[in-house]
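Please look over the sequence and the structure before reading on.

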Amino acid sequence: MGAHDHQSMALQASMATTLDVLAWEIELAGARCIFLDKVIGETMKSLPVEQQGMMIEGLHAVDLLSQHLTNLSAFARTLSADAPDVAVAPVGRAIGDITLGALADRMATAFGAEEVAAGVDAGDVDLF
């Protein structure tokens with residue numbers, strides 16, 4: 001376990017901050033859904049008509065996922081606004097369970113952990 005891992009384990013944040021950070025990350029995932037929807041739509045135009053049906057189903061699934069994420073974000077933001085100031089969440093262990101390094105680092109930083117290494121890529125996944 002590295003120094004950052006040990007530091008993250010002890011992290012605590014107010015429930016309002018925890019829910020706000022969660023809402024922001026859900027919004028980021030929603031923005032990625034919108035991008036995916038656009039890419040699928042553009043790709044669909046180049047397919048033969050008989051293959052477009054499956055892509056339309058994919059577009060509907062991405063749209064539903066985007067709506068789902070938007071509503072979860074709104075729910076978390078409302079809870080954040082209404083959370084009592086004294087409620088605290090031990091967020092460190094939960095961050096330790098996140099397997100996307102950039103996501104874990106962004107959240108840990110938002111909860112007050114020291115910045116990870118400067119210049120670390122802000123992406124969440126290495127593409128193959």
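## The crossing of two helices

Helix α2 passes helix α3 in a left-handed crossing. The model in which this is seen is a predicted one. Helix α2 covers residues 15-45 and helix α3 covers residues 52-82. Their axes lie 8 Å apart, and the angle at which the two helices pack is about 165°. Because angles over 145 degrees count as roughly antiparallel, α2 is roughly antiparallel to α3.

The contact of α2 with α3 draws on 20 nonpolar residues, along with seven polar and six charged ones.

## Helix α2 and its surroundings

Helix α2 is made up of 31 residues. From its first C-alpha to its last it reaches 45 Å, which is close to the 45 Å expected at 1.5 Å a residue.

The buried residues of α2 include T18, L19 and V21, and also G30, C33 and M44.

S73 belongs to helix α3. Its relative accessibility is 4%, so S73 counts as buried, the cut-off for buried being under 20% relative accessible area. With neighbours within four places in sequence left aside, S73 is in contact with A23, I26 and E27.

## The loop between α2 and α3

L47 sits in the loop between α2 and α3. L47 has a relative accessible area of 24% and is therefore partly exposed. Not counting residues up to four places away in sequence, L47 touches Q52 and M55. Helix α3, with residues 52-82, takes in both of these positions.

## The chain as a whole

The protein chain holds five helices and two strands. Along the sequence, these elements follow the pattern α-β-α-α-β-α-α.

The chain has 128 residues, and buried residues make up 28% of them. Of the contacts between residues at least 6 apart in sequence, 73% join residues at least 24 apart.

Technical notes:
Residues are numbered from 1 along each chain as its sequence is written. This is a predicted model: local features need pLDDT of at least 70, side-chain atom pairs count only at pLDDT 80 or more; totals for chains, interfaces and linings use all residues. Side-chain values use heavy atoms; hydrogens and water are left out. Axes are lines fitted to C-alpha atoms, for helices over the stretch in contact, and angles run from 0 to 180 degrees between N-to-C directions. Helices (H or I, at least four residues) and strands (E, at least two) are DSSP runs, numbered from the N terminus. Angles under 35 degrees count as roughly parallel, over 145 as roughly antiparallel, 65 to 115 as roughly perpendicular and the rest as oblique. A crossing is left-handed if the near helix is turned anticlockwise from the far one by less than a right angle, and right-handed if clockwise. Ala, Val, Leu, Ile, Met, Phe, Trp, Tyr, Cys and Pro count as nonpolar, Asp, Glu, Lys and Arg as charged, and the others, Gly among them, as polar. The expected span of a helix is 1.5 Å times one less than its number of residues. Buried means under 20% relative accessible area, exposed over 50%, partly exposed in between (1.4 Å probe, protein chains only). Contact means heavy atoms within 4.5 Å.
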